[in-house]
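Reader: I am new to this structure. Please take one part of it and look at it closely, with its surroundings.

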Amino acid sequence: MKISVLGGTGDQGLGIVIRFIQQGEEVIIGSRKAEKAETAVEKVKELLKKEDIPNLSGMSNEDAADKGDILILTVPLAAQMGTLKSVADFVSGKILLDATVPLDTVVGGGPARYVDLWQGSAAERTAEILKGKDVKVISAFNNISNSHLMNFEEEIDCDCLISGDDLESKKIAMELINKIPGVRCIDCGPLEKARIVEKITPLLIGLNIKYKSHYGGLRITGLKLD
């Protein structure tokens, strides 16, 4: 299955790209402009010290969404709607993992504060924007820091909390995410649970700022997962 990371040129997107490249997955970096995505491909090659990565390519978000089987949205809230509308014609029958978190930075505030959305969460907003497009929306990667993702020579000491309404799509997503060393994917229930999960992110950001860290994450204990 091809993984397309939409808006994948920032640290979060690149970190996810690298983590899946390391596991041998075929990955496409998407960006508003194809040239920027192609530049990101070269950056990944440089970071991994490889002259060629045959399972990695870069293209526009629209082309990436068209070619990909699993789509991962890694854009700030301000770019969420525009990006989704640009790829809406290419998402039918696919799984879309939304990593968007509504932070106060969208209105000029700080990253340790959450912005309440009318839809309840960023993931539910994505589902609303793509309503009628036959796409399975899953909230994922909200609580794993960019630093963790980009520290790609080390395992990630953090759980990945996901939520979504389609059980089979969540199973596929969990199998994929669990390939990342150190990450344990946990199904938190229906998509509306993203309202709780997304709010954890500004708390973690605030803790990282308070304790001068970049790697504060979340582990759920006491669960017996299959």
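Author: Two residues are in contact when they have heavy atoms within 4.5 Å. Helices are DSSP runs of H or I with at least four residues, numbered from the N terminus. The model is predicted, so local features need pLDDT of at least 70 and side-chain atom pairs pLDDT 80 or more, while totals for chains, interfaces and linings use all residues. Residues are numbered from 1 along each chain as its sequence is written, and side-chain values use heavy atoms, without hydrogens or water.

Take helix H4 as the part to study. H4 spans residues 77-87. Its partner H5 covers residues 122-129. From H4, the contact draws on Leu77, Gln80, Met81, Leu84 and Lys85. From H5 come Ala122, Arg125, Thr126 and Ile129. Five of these residues are nonpolar, two polar and two charged. (Ala, Val, Leu, Ile, Met, Phe, Trp, Tyr, Cys and Pro count as nonpolar; Asp, Glu, Lys and Arg as charged; the others, Gly among them, as polar.)

Now the geometry. The axes of H4 and H5 lie 10 Å apart, at an angle of about 25 degrees. (Axes are fitted to C-alpha atoms over the stretch in contact, and angles run from 0 to 180 degrees between N-to-C directions.) H4 and H5 are therefore roughly parallel. (That term covers angles under 35 degrees; over 145 is roughly antiparallel, 65 to 115 roughly perpendicular, the rest oblique.) The crossing of H4 and H5 is right-handed, with the near helix turned clockwise from the far one by less than a right angle.

H4 also faces open space. H4 gives six residues to the lining of the largest pocket, the largest share. H1, H3, H6 and H8 are also among the helices that supply at least two each. The largest pocket holds about 970 Å³. Gln12, Thr74, Val75, Pro76 and Asn146 are the closest to its centre among 42 lining residues. That lining has 15 nonpolar, 22 polar and five charged residues. (A pocket is an open set of points on a 1 Å grid over the protein atoms alone where a 1.4 Å probe fits, with protein on both sides within 12 Å along at least five of seven lines; lining residues have an atom within 4 Å of a point. Its volume is the space filled by probe spheres set on the points.)
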